[in-house]
Amino acid sequence: MFIFAITNMENRKEQKIRTFEQILLQIAGLSVSQTHKVACIAFKKNFSSISSFGYNGTYPGAPINIETGGEEISLEPGLSGFLHAEDNMVSKFHERDAANHIVFVTLSPCRECTIRLVNAGFKEVYWIEDYRHQEHLEIFDRCGVKYGTIDDYVLAQK
Ligand SMILES: [Zn+2]
């Protein structure tokens, strides 16, 4: 009976993780990026509330660039001129307890966003897909931030 109860709690946590992953993907769908739609959310560790979210993009009402057919300056990787999802999430994060939050991102953070998340005080960052550069993630190791894929995070609960 006791073991049954524990198992149920594990399933419940996995259900919450997967639900927040779906919310993350829905938010990514709001991005107007023509190449990579990226989203980031920060929620309380106990899954009680989402404190902030962001997706990659420029500013409201930005003009369409005739050359790219969208709001991007360029469609070359890294040259869109868009702010990253993490940047937009952090700028809208107004809680005082970043360490009591978990950050979910659709794509593992770039070097600048890794530093941005560390400086904002976040201690857990998980993502769906690996970004092409990974070597800077050692910054998380140095700063005691837990990180990895959401799938690994789910497995770690078992
Ligand atoms: Zn970034």
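This is a short walk through the predicted model you have open, one selection at a time.

Before you start, note that residues are numbered from 1 along each chain as its sequence is written. Because the model is predicted, local features need pLDDT of at least 70 and side-chain atom pairs count only at pLDDT 80 or more, while totals for chains, interfaces and linings use all residues.

**The whole chain**

Show the chain as a cartoon and you will find five helices and five strands; helices (H or I, at least four residues) and strands (E, at least two) are DSSP runs, numbered from the N terminus. Followed from the N terminus, the elements read α-β-β-α-β-α-β-α-β-α. The C-alpha trace spans about 65 × 30 × 30 Å along its principal axes.

Now select the strands. They form an open sheet of five in the order S2-S1-S3-S4-S5, with mixed pairing; two strands pair if DSSP finds at least two bridges between them. S2 and S5 (146–149) stand at the edges with a single partner strand each, so one side of each has no neighbour in the sheet.

Step across the sheet pair by pair:

- S1 and S3 run antiparallel and are joined by five bridges; look for phenylalanine 43 opposite isoleucine 102 in S3.
- S3 and S4 run parallel, with four bridges, and valine 103 stands opposite valine 125 in S4. The chain passes from S3 through H3 to S4 in a right-handed β-α-β crossover (with the strands pointing away from the viewer, the path from the first strand over the helix to the second runs clockwise).
- S4 and S5 are also parallel, over four bridges; here tryptophan 127 stands opposite threonine 149 in S5.

**The core**

Next, select Ala39, Ile41 and Val103, the residues with the most contacts inside the largest nonpolar core, which has 30 residues. Such a core is a set of buried Ala, Val, Leu, Ile, Met, Phe, Trp, Tyr and Cys residues joined through C-beta atoms within 7 Å. Among the elements giving two or more residues to this core are helix H1 (2–28), strand S1 (39–44) and helix H5 (150–156).

Stay on alanine 39 and show its surroundings: beyond neighbours within four places in sequence, its contacts include Leu24, Phe53, Ala85 and Thr106 (two residues are in contact if their C-beta atoms, placed from the backbone, lie within 7 Å).

**Cysteine 113**

Move to helix H3 (residues 111–119), where cysteine 113 sits. Cysteine 113 counts as buried because it has 25 C-beta neighbours inside 10 Å; buried means 20 or more other C-beta atoms within 10 Å, exposed 12 or fewer, and partly exposed in between, with C-beta atoms placed from the backbone. Outside four places in sequence, cysteine 113 touches His84, Glu86 and Asp87 by the contact rule. Draw a distance to methionine 9: the C-alpha atoms are 33 Å apart, with a sequence separation of 104 residues.

**Phenylalanine 47**

Finish in the loop between S1 and S2, at phenylalanine 47. Its phi is near 65 degrees, a positive value in a residue other than glycine. Most residues other than glycine have a negative phi. Phenylalanine 47 is partly exposed, with 15 other C-beta atoms within 10 Å.
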